[in-house]
Amino acid sequence: MKKIITTLSAFALTSMACINAFASSNSTPQALITEGNSLRKTVAATVKNQPVLYTGELSGTVASYSLTGEKLWQNQTDNKAVLFEINAADIDGDNNDDLLAASADGNIYAWGSNGVLLWQYRPENKVRFNALTVTKVADELRIYAGGNDQYLYELNANGQFISKTKFDGTIRTIKAGNFLSKNQSSLFIHTYGHDKYKWQFMGFIDPVSKNVLTQVSTQDKKVKALVKNFMVTDMDVADLNQDGLDDILFFGGGKAAGNSTGSFSAFDGQFNPLANYTISGKDKQRYAHIYGASLLPVRNEVMFQFGGIRYLVDHKGKLIQTLGEKYKGLIYNDFTLVPAAKKLFAAGQIGGGNTLYSFDLTDKNWLATEHKLTGRLADVEQNIETLYQQALKFEIPSYQQKSEKPWVMITSALPNAQVQKLDGAELKIVKQTNWKENMDRRDMVAKIGKVALKKDKRGKYDLSRKQIIAMAKDFEKNNQPFVVWAGHVTDPFYMHIDTLEAILEVAPNTAYGFIYAEMYNPKDPRVVYFIDEYVPRLAKAMRKHGKAKMYFRYKNVFWAASSHQQPWKDMFFSGEYADVLVPSSEDTSSRTQDINLTGRIGMFAGGFVDDFAMRLVDDNPTSWRPFSPGGQRSISPYLRQGTMMAAYGARMGILFNSQYTDQPGVNILYALMKSGVLPIVEKEDIQSISSWMLTEDINEDLVHSIDDHHKLTNYQSDDDNALMSVAQMHWAGTNLPEHDYSKAALGGDYRWLNYIPELPNGMVPIAPSEAHKQLQKAQVPYFLTDGKHGVVAGKKVAANTFKKHMDNTLSQGVKKLPIVVEGAAWSVIKLDENHSRIVLIDQGYVEPQDRNVTIRFQNRHAKTAVDILSKQALNIEKQQLKLTVPAGSMRFIDIAY
């Protein structure tokens, strides 16, 4: 994932004379606040004999900075997309290091050291490029790149295509180095077939012939440290054992979910182990990704960060020093060594920081350097603290009626004393439990076969029905609301249906229902049995005994596509179970959170369900997990995601109490709910739905390839030719074509973290085609699709051709809205006949920044506008209102007509 090329002395900054000359200057500040957003990658370079830093931002912006923080230049890739890797090398022969970048938009870019674009390469078919390196072959510079089409591309210094070589698996990493010969470079290639674990190919090849020089299988005991549940999150190249040959360094974690540890390992070109350090189990942290770097040639040591803890080890992996606390401190996105300055730079923050933090390696206590949060994320924390304090003081205006319904949050995160005092709405906190019954499954086996015996390996099935009922009785006695996680794709039957009914019988006031997760496959006989046998009986018992509902957590495009297939369709969209079904998300490793959200909004606004739920959990900042942020310190992304869902009707939530986020944390969201700043939204009060996308005969192949999210070898050259396009796991990070629903309708730019769509056309929900009658009756425009094609007059139309029809429909819908917002995510909620509340949200999930917003009033004359938290009266000119939404935060504007 990093850094400046280490194999050639012509490119490497290893001259001790240069190091000593620059080290005499102590002008580098500890924190350099850049003018960028969400720094993701950094690389060291030399320009005019001075060290500089090249930076890459999440969405594709690159820049050059001096070590004193002066911006030298800045450029943007053609399209917003994840910038996966950058590299520095003198490719134009002027003795200055230039910048190369591998972008998920399908291009390899080369900028000169002065910021001028030298060239860009784009293959005939779209590729999500994510790996890049550069080396010399027979005194000629060569660039090697790869991505999701499973080819290694070879370019010359002018960006001209030379060759491509097919590999088994999506190319994960390419590194150049003198791994096997002091006089000749070779290429390390690492490919994945699974999105997290193991590999398809790992070895060294000759850069000319592409012949394999050495390789290793997942069965080789020499690399056993990299096999079992090991997910590589960072890599580096260095000559650790000082034998004149380069070695390959791995940083990674154990289990990708739940509490885990990680390790650092290093191997030579023959895959002989050179170093290893495994993090102690006492330092386990949820979703703590490891990023690290060799400190050669300044020190023959390796440093890495695991969550909130930093480690320093020697060249054999022996621990020298460790500092920090679990779930505390600054957690960086990248580390880059600048040998000439004897400094290590840490880039950005998980959550969207724009600061470069420096460590002075000449200081013997350099690892203990305490950096204070500065730059963009410091602004975000101040902005949401201001929001919180304002929410605590908010009083409901006379024209806003309190809802008789409560907010229902399934969580262990309790509101604090300040929030408890707020009386604008009721907030019900519900405890989640996880019970697995040791039960007789013979009745199920008789109907669906031995598949009914499969169990979830993550828990013990050691409870009797009697014990479970006793625990439910205790909750009822103590007036403790609770839900039970009752099934998963690995086993839909944690408990027998008789046991579930008994729970509802003995706890009618406190049993709030059951949670089911990721049971997406409609061809799984267990799923069919669950729908046919469990759901009707549970619905009947729930209606008889009280408040209970069935909560379903699903990822990918389930709520917009998979749920529209039988037998799910009859269950979710018949209306028969509208009062007891609550759709929620499970967006781990998902690129399509926006589609899953608008599908749930379609279910709610279309009257197919009475409620839907938000899902806030610390694995949400993931898309392609090895390349995604780990533990998220700021509450801001979760706060804004939850607000977005609440503003479209989600009065329920399944919230994980993340240990990473500092207080007041989720209390800010609770304060917005309990104060009444966020009203409980009924479907008829949403005033920002402009038009709809309806589905008919969902394309099964498309949906299956998206749901099959662990597989990285589903590449098809026409994956972008769909309305729900490039949504497969191997496309994570790529830009969207203009005809894609997420792009054209919701304003998304690329497939990464799309929880908070901007909505330039207002909300465009998704529902089955059966909704067309009620939409026609209400004169609401809609367009029709099978997910891949558009449908016009009963005929399927290619997505790119269908765009004109879709744009016309969207335009008709926008014209009918009373309010249109540009520049931020938004919702408009009716408070009474003469008042509406506009909710404005910074849409950058891990790219927070101030948003310049224009609000346009149409079809009804707006009289006054007030920011309800600051109490500032806003000036409406020519039925328009311009304002700024603070980075990482939101604003609430009441309009009077």
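Visitor: How many bridges join strand 25 to strand 26, and do they run parallel or antiparallel?

Guide: Start with the general idea. Strands of a sheet pair through backbone hydrogen bonds, either parallel or antiparallel. Now the case here, in a predicted model. Six bridges join strand 25 to strand 26 (residues 309–314), and the two run antiparallel.

Visitor: How does strand 24 pair with strand 25?

Guide: In the antiparallel sense, over five bridges. Strand 24 covers residues 290–294. Gly292 has Phe304 as its bridge partner in strand 25. These two strands also form a hairpin, with six residues between them.

Visitor: Which residues of strand 25 lie on each side, and are they buried or exposed?

Guide: The rule comes before the case. In a regular strand the side chains alternate between the two faces of the sheet. In strand 25, Glu301, Met303 and Gln305 are on one side. Val302, Phe304 and Phe306 are on the other. All of these are buried, and both faces are covered. Six of the six residues are buried, so strand 25 is largely enclosed by the rest of the structure.

Visitor: Now a helix. What is the span of helix 5?

Guide: Helix 5 takes in residues 465–477, 13 residues in total. From first C-alpha to last it reaches 18 Å, close to the 18 Å expected at 1.5 Å a residue.

Visitor: Which residues of helix 5 are buried?

Guide: Think of the helical repeat. An α-helix has 3.6 residues a turn, so residues three or four places apart point the same way. The buried residues of helix 5 are Ile468, Ile469, Ala472, Phe475 and Glu476. Seen down the helix axis, they fall within an arc of 115°, so they line one face. On the other side, Lys466 and Lys477 are exposed.

Visitor: What covers the buried residues of helix 5?

Guide: The cover includes strand 32 (427–434), strand 33 (482–488) and helix 6 (497–506). Just after helix 5, Asn479 takes a positive phi of about 55°.

Visitor: Which residues other than glycine have a positive phi in the loops?

Guide: Here is the background. Most residues other than glycine have a negative phi, and most peptide bonds are trans. Lys210 is one exception, with a positive phi of about 70°. Its place is the loop between strand 16 (201–205) and strand 17 (212–215). Glu518 is another, with a positive phi of about 60°. Glu518 lies in the loop between strand 34 (511–517) and helix 7 (525–545).

Visitor: Does Lys210 count as buried or exposed? And Glu518, buried or exposed?

Guide: The cut-off for buried is under 20% relative accessible area. At 13% relative accessibility, Lys210 counts as buried. At 15%, Glu518 counts as buried too.

Visitor: Where are cis peptide bonds found?

Guide: The bond from Gln566 to Pro567 is cis, with omega near 5°. Pro567 is in the loop between strand 35 (549–554) and helix 8 (568–573). A cis bond also joins Gln663 and Pro664, with omega about 10°. Pro664 is in the loop between strand 38 (652–655) and helix 11 (667–675).

Visitor: What is the order of the open sheet of five strands?

Guide: The order is 40-39-41-42-43, with mixed pairing. Strand 40 (766–768) and strand 43 (795–797) are the edges, each pairing on one side only. The twist averages 45° from one strand to the next. Inside the sheet, two bridges join strand 41 (residues 782–785) to strand 42 (residues 790–792), running antiparallel. Leu784 has Val791 as its bridge partner in strand 42.

Visitor: Which strands does helix 15 touch?

Guide: Helix 15 (residues 799–816) packs on the sheet and touches strand 41, strand 42 and strand 43. Its direction makes about 160° with that of strand 41. Helix 9 (residues 593–605) lies across strand 39 (692–695) and strand 40, at about 60° to strand 40.

Visitor: Where does pLDDT stay under 50?

Guide: Over residues 1–25, for which the model has 74 contacts beyond four places in sequence. The chain averages a pLDDT of 94, and 97% of the residues score at least 70.

Note on methods: Residues numbered from 1 in each chain as written. Predicted model: local features only at pLDDT ≥ 70, side-chain atom pairs only at ≥ 80, totals over all residues. Heavy atoms only, no water. Helix = DSSP H or I, 4+ residues; strand = E, 2+ residues; numbered from the N terminus. Expected span 1.5 Å × (residues − 1). Buried < 20%, exposed > 50% of the residue type's maximum accessible area, 1.4 Å probe, protein only. Arc of directions from axis to C-beta. Contact = heavy atoms within 4.5 Å. Pairing = 2+ DSSP bridges. Axes fitted to C-alpha atoms, helices over the stretch in contact; angles between N-to-C directions. pLDDT = per-residue confidence, 0-100.
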